[in-house]
Amino acid sequence: MSENNPKIDRRTLRSRRAMREALLTLMANKPFQAISITEIVECAGYNRGTFYANYDSKEALLDEITNELLDKLLQSFRAPYEHVEVFNVSELPAHAVTIFRHIYEHSGVYTILMKNDVLPNMKEKMLHVLKQISMAELLNPTDDIDPELLATYSMSSVLGLVWHWIETGFKHPPEYMQEQLVKIVNMNPNDANMARPGKRP
């Protein structure tokens, strides 16, 4: 394909977009592993030749969808600190947290992934990329805390909130989730009620 021919470029982009939308439409109703390439091209309105001109497999098509989503997720995660010299999480305003806005803007895709057999792989990918970014850009090394364990703990907590929010059908607006995350991050452990069930503090 010639990069100097915008007509071909537009046609290719259009077919790839149709393939992505077709796969997501099918995944809303059946497991990814049960979907065939024939079903994808028929849903997209193309043929197998067009599919293989763009992708080696249906897994490659899914990877394109999830990788694009992960790129946008990372952009939203970095947004609060990418333009500041010193980042102090205790001074983070709720409106600066954009990860929940990203999730909400792509709620349809995340909901499909949540209900599909690709969910474990997607969760693993999300945790991996956020751990790597956290370790490289946010965590200050200390002698007594393993940075990978700290990053795993921190990012697992954030993603736990994210997936719970998706699973409950976006029960709260993004702004509420932003505020709650900031409050949780800044919560003093001594303020938490540690009384056992049935006991009054």
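The crossing of α7 and α8 is right-handed. That is my starting point today, and this is a predicted model.

Let me stay with that pair. Helix α7 covers residues 119–137, and helix α8 covers residues 147–167. Their axes come within 9 Å. The crossing angle is roughly 130°.

Who makes the contact? From α7, we have L119, M122, K123, M126, L127, L130, K131, S134 and M135. From α8, we have P147, E148, A151, T152, M155, S156, L159 and W163. By class, that gives 11 nonpolar, 3 polar and 3 charged residues.

Keep W163 in mind. On α8, W163 also takes part in the contact with α6. There, Y110, T111 and M114 of α6 meet W163, I166 and E167 of α8. The two axes come within 10 Å. They cross at roughly 90°, and that makes α6 roughly perpendicular to α8. This contact divides into 4 nonpolar, 1 polar and 1 charged residues.

Now the other partner of α6. Helix α6 spans residues 107–114, and its axis comes within 12 Å of the axis of α4. What is the crossing angle here? Roughly 125°. Again the label is oblique, for α4 against α6. The hand is left-handed for α4 passing α6.

The residues are quickly listed. I65, L69 and L73 come from α4. V109, Y110 and L113 come from α6. How does this contact split by class? It has 6 nonpolar residues, no polar and no charged ones. Note Y110: it touches α4, and Y110 also belongs to the α6 contact with α8.

Last item, the second largest pocket. Its space is about 210 Å³. Two elements each give two or more residues to the lining: α1, residues 6–27, and α4, residues 58–78. The lining consists of R17, R20, E21, L24, I65, E68, L69, K72, E105, H106 and V109. By class, there are 4 nonpolar, 1 polar and 6 charged residues.

I65 and L69 of α4 and V109 of α6 are in the α4 contact with α6. I65, L69 and V109 also line the second largest pocket.

To recap the angles. For α7 and α8, roughly 130°. For α4 and α6, roughly 125°. For α6 and α8, roughly 90°. Thank you.

Note on methods
Residues numbered from 1 in each chain as written. Predicted model: local features only at pLDDT ≥ 70, side-chain atom pairs only at ≥ 80, totals over all residues. Heavy atoms only, no water. 1 Å grid on protein atoms, 1.4 Å probe; cavity = no way out; pocket = protein on both sides within 12 Å on 5 of 7 lines; lining within 4 Å. Points joined across faces, edges and corners; volume = space filled by probe spheres on them. Helix = DSSP H or I, 4+ residues; strand = E, 2+ residues; numbered from the N terminus. Nonpolar A, V, L, I, M, F, W, Y, C, P; charged D, E, K, R; others polar. Axes fitted to C-alpha atoms, helices over the stretch in contact; angles between N-to-C directions. Left-handed = near helix turned anticlockwise from the far one by under 90°. Contact = heavy atoms within 4.5 Å. Parallel < 35°, antiparallel > 145°, perpendicular 65-115°, else oblique.
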